[in-house]
Structures are given as C-alpha cells and as structure tokens.
Amino acid sequence: MFDQWPSLVVAVPLIAAGICAIIRYEFFCWLVSIITSLVSLSGSIFLYLTVKASGDISYKLGGWAPPVGIEYRVDIFACYLLILISLVAIAVLIYGRKLINKEIASHLRGWFYSMYLLCMCGLMGIVITGDAFNAFVFMEISSLSMYTLIALGRDKRALLASYQYLILGTLGATMYVIGVGLLFNVTGTLNLIDLSIKIQPILDTPVIKVAMSFIFAGLSIKIALFPLHFWLPNAYAFAPSVVTTFLAATATKVSIYLLMRYFYTVFGFSFGMSSELIIGIILSCSILAIFVGSFSAIFENNLKRLLAFSSVAQIGYITLGIAIANNAGLTGSMVHIFNHALMKASLFMILGAIAFQIHKDQLTLTDLSGLGKQMPFSMAAMTIAGLSLLGVPGTVGFVTKWYLIQGAMQNGWWWLVVLILVSSLLVLIYLGKIIETVYFKPASNTGIEMNELPGSTFIIILLAVSSCIYLGFDTSLTLGIAEEAVNALVPEG
Amino acid sequence: MSVYLASAILIPCLVGLFSFVSPRNGILRDIVTVSGALIHFFVIYKIYQAFSKGEFISLNVINIFPGGNIEFIVEPLGMLFSGLVSILWLLSSIYAIGYMRAHKEERLGSFFGFFAFAISATIALAYSSNLFALFVFYEILTFITYPLVSHGADTESQMGARRYILILVSSSVLFFLPAIVATYYITGTLDFKVGGIFPDATQNYILIVLSILFVYGIGKAALMPMHKWLPSAMVAPAPVSALLHAVAVVKAGVFSVLKIVVCIFGIDHFQDFGGSDWLVYIAGISIVLASSIALVQDNLKSRLAYSTISQLAYVVLAAGIATPLAIIGACVHIVAHGFSKITLFFAAGSIYLKSHIKSISKLDGLGKRMPWTMGAFGIGALGMIGIPPTAGFLGKWFILSSAVTFQDYFVLIVLMISTILNAAYFLPIIYGAFFKEEKNVPDNNHGDAPIIVIVPICITALISILLFCFPNIPVSLSYKLLGI
C-alpha cells in the first residue's frame, strides 16, 4: 500500500473531485475535501521521509517501465512542493468554509469543491510526474479548473479576468507542448530523465534551443514572469478570496518548479552559467518584474490587485535566484517559494477575512481607514505579514533577502545587491500607505454591523502569521528542505 | 546564569504583552510595569555581580542560517549599556505613568506595551554576541518604536513618524545590511572580538568603504546628515522622547558604532587603515553644526534634539579617535549623557504638562513656579556643557586627555567650540528661568508637577552628580573592555 503513495497523492483528489461533483452537498463536499487534502498531506510527508531515508523514488504508473510508460519521479524538490500544495490546500479549506458559503451561490458550492480538488490534483500531478507530456496534461487539468474557480467570483469582471487568463494560459500551455513536441521529435522520448541523457550530445543544436525557448516562454506566462504577467492582477483580484489565497500560494510556484526542472534536470544547467543568454533574459525580466510590480503596487488602490502586483514582484525574486545561478542564490529562491506562499497566503487570508467582516468584495484602501481600532487582531496580523514581505529581520522574508544578497555578492554583482535592497524599500512604501490608512485615518464605515470572524478563520490566520515570525528564526525546517532540494536539483552544487 | 540573561530580555517582553491585554483602567498595568522594571533592574544587577566576579555568561538561542546566529553574551560594553537602560526604564516608567495619566492620553495599553517591547529589543541588542544579532534587534527596535513615535495619531505625528521610519530603515537596509553581508563574505564570521575580525591582508580601501557604510548605516547614531529623523521623532509624547530618543534608541546607535570600531575593526586597525581620518572630521563637523542649529531653535524639544545629535557625535568622535583613552571617554559619555539628557527631557515634559509651554522664549521666570523641575533641568544642562560636578565633565575629560596626549588640535578645537556653544544655548534658559520675571502669569497659577513626575526627574539629576563622584563602574567596565 505504502509504495503506491506517488500515485495516491494525485489519484485521491481526482476521485474525490468526482464524488463532490456527484453529491454536491456543501458540508459533505467540504468534509471530503478536508479528508482528501489530509490524505495528500500525509502522503507527501511520507514520501519526503522515504526519499530522505532511501533516495529518489521512481514509480512506474500501471507497471509500464519508463521510458515507454509514464514514470512518477519523487525527489526532495518534488516533496517540498507536494507538502506546500497540500498544506496550503488544507489550511485554506479550514480557513474558508464560512467565506465560501458567503461568496459562492449555494447551487455552485459542490462544483466549487470539485474544481478545487481537481486544481489541487493537477498541481500535485505536475510536480510528481517525470513525464513531459503528462506534465502538460496535469497543467491543463489545473488550468481549466482554475479558470472555473476564478469565474466563480461574485464581481462580473471575474468572468473577463477568467477569460483573459484562459486565452493566455492556453497560449502558454500550447507553447509548452510545442517545445515538448520538438524535444520528442529529436529524441524520441518524453521521460524527463531519459530526455536529459538523450539531448546531451545535441544540446547545442538549433532544435534544442528553439524547444528550450518555447518551453521557457510558455512557462513564463504560467509563472506570470514580467512582461507576461498581465493576466495575474485581475485574476487574483476578482476571484473569490479563498481561490485567490490558494492560487497565490501554489499555482505560480508549481510553474516555477517545472521551469527549474527543465533547466536543471533536462537541459543540464549548472551553477556559474551566468553568461548564458537565457540567464541574461531571466535576470533582466526578474529585475524588471521586481520594480514594475512594486511600483504598480504603490499606485494601486484595490487591495487585492495591490497584493497581486506585489506577487509579480515577489515572483521576480524567485526567478532572480535562478539567474544568480549559484548555490546561495538558488537556495534563496527555493526557500522563497515557501516563504512567499506563506506570506501571501496570510495577507490574502486576512484581506478575505476583512472583506467578510465588512461585507464588501473589492476592498480599496479607503475601506481600511480606521480599522486599526475596530479590528485590532486582523490589522496587527496584516502588519506582521506585511513586515515579513518587507524582509524585516526576524521574519521569513529576511531569510530570502539574506541569501539573495549573498548570492549576488558571490558573483561580484554589487549593482544587483543595491537593486535588491532598494527594491525591498519599495515594499515599505506600499505597506506604509496601508498602515497609515489603517491607524491614522478616521473610521469610514461606522454604522455597518460587522460580521464576527469565524473561529477557524481566526486560528488559521493566527497560525500563518505566527509562522511568518517563527520560521524567520527557526529555519531548520524551511531552509533545511530548501537546501536539500537544491542539492537534489543540482547535484554538484 | 544564562537564566538571568534570558529573563533580562524576556521580562520587558512579558510586561509588554501584559500591557496589551490588561484591563482598561490600568492600575494593574501600572503595578506590573513598575514591578517588572524593578525585577528587571534586580536581574541586571545579579548579572553584573556575576560578571564582575569574572563569570562567563552566554546564551545561544538559535542558529538561523550559517553566519546568522542569535546569541547573547555578557561583555563590558553591553553590561554598561544594559545597566543604563534598566535603571532608566524603571525611572521613566514611573515618570510615564505620572505623565500619561496627568496628560489624559489615550491607548495607554498599547503605549506601555510597545514601550516595554522597545526595552526588550534594546537589552537584546546590548547583549548581542555578533553583528548579525545586533542587526536583527536594531531593526526590530526601529519598527517597535514607530507606534510610539506616532502615538499622537494626528497628521503631525504621522508625518514625523513617516520620516522617522523612512530614514532609519533605508539607511540600515541600504548601508548597514550590505556592510554586514560583505563583512561575512570577507571574514567568514560575524562574532564580535576585541581587536577586530578582519584579516591583515584586507585592503585599506575596502575597510574604509565598509567603515563608511557602517557609520552611516547606523542611522540611529544620528551622525549628520543622517540626523533628520531625531527632530522628527520629537512629536512623540515626552516619556518616549526621554527614554527612547535620549537613551535607548540613540544610544543603541552609538553603542553599535562603538562596538563595531572596537570589536569588528579593532581600535589599532581602525587608525591604521585610515578610518579615523575621515570619521573624526565628520563627527567634529557634526558636533559643531548640530550645536549651532540647536542655538537657533526656539522649541525646547527640538533644541534638546539637536543637542542630542551633537552629544552623540562626541561618542562617534571618540570612537573615531580610537585610542584607549578616547574609548573610555566614549563609554563614560554614553552613561553620563544618558542621565543628563533624560533629566532634560523629563523636565521638558513636566514643563509642558503644567504650563503647555513648548518654546524657550516663554520659560522666563518658571524657576520660581516649578523649582524642582527647573533645578533638575539646570543640573542636566550643566551635564551637557560638561561642568563639574556633573558626570558630563568626565567623558569630555577623557576625550580631551586623549586629544592632548596625541596633540590632536582638531579635536581640541572642536571640543572647545562646542562647549562654548553648549553653554550659549543652555545657560540663558537657566538664567531666564530663575532670574528673570515671568512675562505672562498663567491663568491657573500652577505650581510644580505632581510628585510622581518630580521624583524620577530628581533621581536622574542626582545620579548624574553621583556619577561624577563615583565613576567607578563605567570606568572599570571600559578598562575591562579594552583589556587593561
């Protein structure tokens, strides 16, 4: 039974999604979703322990031996993402039941849970599969369910946002599959490990370069790497708040995972290739993402869009670590995958809670005026999560900053050190804007009867925000796995 | 002993947490704050006792990542600073209770909470065993004091607090942090070690760049032109200005500078690679400029703020001279200025409390009305000028002796000019208060401040005199620091 875990972590959500679609009774679906994500989480942790004890797992789906059959391949890096996805999934479900009931019409709730599980299944699948085409299939499963989830937003603009994402997402997936097609054409295999061996001798041929470009461009859309990020702010802003939280914490991260997989495992990137053209492109895109994202956030008034732009910037930090291309840099971006998921999930959860309390969907800056007194807990939590985003020492954000700076310094890129530091100050500006509104402006919403924050929501936010601080001091867990993941991805590092 | 070390850091933290959740009327909170401060002082005293017996006290909390170690250790300079902070926390919390209640301030729970958190961060900073831990608590201190500076919650405090946080955070992020990462990159360690940690082969220009980054990165030391945040922070209530912006925050700044000169560069090295050359001149100019600006300020608190900037520059100057005598001078000056300046700020608060006077030109004749307050103010002012029998004299004396010994005429001249300027902006206040007639008699014909406010003022004034007679503790600790 236990050696079937690699397929179970994906299959269980898939089956559960079907059950939810049939039964569609809200409480039942919620319970099934919780149990499913618990199963996936324990499966992921079990896989992590197994991989740590006895090395990578190769699982032959249906007993067909690779490279002909589909192989599921689990290493530490994959486990890291599996744990992240299932953890976020379960936290969001516990956090959000009341919010889901409020934001989603009753006849759609069953479908919502079904889509949620399907999305989770797709994301887990992308991570665990060792097959290039199978990754595409899972990518489509997760994307299609994501489009549906976004379209469930109560605002009419959610439909447009979803449609925009659908067009771009499909474009991205198509480009990815063209890249995979080219690779298959020259090597005759779809298995990633097999690919990596077979393309060694032809690595410099134009076909491989073209394939690499297609895959990079396609995944960049999914990652929302600048300048291909414009679907993201609207999608995050108009989706229901639970969906935003889940997407912000997992979806882009999984695409980054796949990109890293291709770069390091398939195309055999190694440290110190900072002179390569593609690294140069990633570097400039990341820096632009950081600055454009932060500046857009500064001038944004809709809070969910503000955080979405901040996500664009933070994704820039993650890809920056790839561009720095040394151990410290990649460790920085690896640990930021988790840290950013934690911080952004906390912030979106808090926003969702506030929206729930003051009966409003699209929060703007002025809605927050004077809330410091009315909602001391939520506002304190938001401040702490925000400080974490800023990278104040003693929070998770600082760990990332430290590693990225060190990585830049090891390359002798002093200008990059300056840019990273300056960019982190931009966070101070938009955070300051929020905090000043919260604590200094007079209350604008007196007279509204506020909803009380559900206990489970309260607890999850409390846990998330305290982990922002706790994991900033005790990094043995996050940094430990991130370092192992880097070693798994780039063995000589 | 490490239990004591842990509780020295945790007690203020717990007091702070209690303040946040305490019931509204606050009698309980006042009792907890004062008794917490008392216990804290006792704990620090215990640590001092053990330390002076030669016991090695350390506490390793956690290793965040390679090079990033949160570890505390008791060494002379930190001992001195933590002692200062602990005594003044006790006195200023008594003062604050009196002041904030008499002034009918709101949101006292969060006020005392953040106040105690700031103390906790300062004590942790004082005991940090390495540059990384120091930086962590330095930054935490910045963010924790923001709500205190902006406590007034009006537009003026919002703007003041905005400037406060922008200058402090950007200086530390843009200069201090890269300097630390570069130090780690070059030396492979961040642990403080008397005599310095840089290998001899390090090139001079790198060290000079690093010293510039460190000194300007530590914005809390308020070396010009990084000083603008300090006058801005004066929008805070009087107890905050007193404890944080005369003692804990600004002294955390000069403490860090001193510590970096002594324990990261090493004082011999610091002269050799030319750190002294630029730092002494910059600090000297800062002393004279700040004093000149103070001279033309009519707002009492901003005059005090500029006086603080100039007095902080004395410590930086002494660190820059980097001779053993000057370092002793710096240590003594940190303590002496702490007591004198807090007396002045307490007095300024007490004046405002009773008469709502903010400007110096209206202080005439107030000495008869508020004899205790103005008397203590006088003693504090003498300490600023450096006239015996106040402790302010001692710090200057050590720095002067170093300047005379090494025939450093620049330092001599700077000290002379600044002493004259100090006298020029403090003596007229005292003269006016005691010997001029009151121009406008206030309607309510008020007397001196309530006793709970007066007692801390008098105690700090008294200590600054006692310290002149018995300077044994700071001097012996600074000997120990230098290993003499």
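Reader: How many bridges join strand E1 of chain A to E2(A), and do the two run parallel or antiparallel?

Author: In this predicted model, strand E1 (residues 57-60) of chain A is joined to E2(A) by 4 bridges, and the two run antiparallel.

Reader: Which side chains of strand E2 of chain A lie on each side, and are they buried or exposed?

Author: Start with the general idea. In a regular strand, side chains alternate between the two faces of the sheet. Now look at strand E2 (residues 71-74) of chain A: Glu71(A) and Arg73(A) are on one side, with Tyr72(A) and Val74(A) on the other. All four are buried, so both faces of E2(A) are covered.

Reader: Thanks! Now helices. At what angle do the axes of helix H3 and helix H18 of chain B cross?

Author: Two packed helices are described by the angle between their axes and the distance between the axes. For helix H3 (residues 76-102) and helix H18 (residues 451-469) of chain B, the axes cross at roughly 150° and come within 8 Å. Angles over 145 degrees count as roughly antiparallel, and H3(B) and H18(B) are therefore roughly antiparallel to each other. Their crossing is left-handed.

Reader: Which residues make the contact of H3(B) and H18(B)?

Author: From H3(B) come Leu91(B), Ser92(B), Ile94(B), Tyr95(B), Ile97(B), Gly98(B) and Tyr99(B). H18(B) brings Ile452(B), Val453(B), Val455(B), Pro456(B), Ile459(B) and Thr460(B). By type, the residues of this contact are 10 nonpolar and 3 polar, with no charged ones.

Reader: Let me try a single residue. Is Val414(B) buried or exposed?

Author: Counting neighbours is the way in. A residue is buried if 20 or more other C-beta atoms lie within 10 Å of its own. Val414(B), found in helix H17 (residues 409-435) of chain B, has 25 such atoms within 10 Å, so Val414(B) is buried. Leaving aside residues up to four places away in sequence, Val414(B) touches Gly284(B), Ile287(B) and Val288(B). Ile282(B) is 132 residues away along the chain, yet its C-alpha atom and that of Val414(B) are separated by 11 Å.

Reader: And how many residues does each chain give where chain A and chain B meet?

Author: Each chain puts in 22 residues. On the side of chain A, helix H16 (396-410) and helix H17 (414-440) each supply at least two residues. H17(A) gives the most, with 9 residues. The residues of that side divide into 15 nonpolar, 5 polar and 2 charged.

Methods:
Residues numbered from 1 in each chain as written. Chains lettered and ligands numbered in written order. Predicted model: local features only at pLDDT ≥ 70, side-chain atom pairs only at ≥ 80, totals over all residues. Axes fitted to C-alpha atoms, helices over the stretch in contact; angles between N-to-C directions. Parallel < 35°, antiparallel > 145°, perpendicular 65-115°, else oblique. Left-handed = near helix turned anticlockwise from the far one by under 90°. Contact = placed C-beta atoms within 7 Å. Nonpolar A, V, L, I, M, F, W, Y, C, P; charged D, E, K, R; others polar. Buried ≥ 20, exposed ≤ 12 C-beta atoms within 10 Å, placed from the backbone. Pairing = 2+ DSSP bridges.
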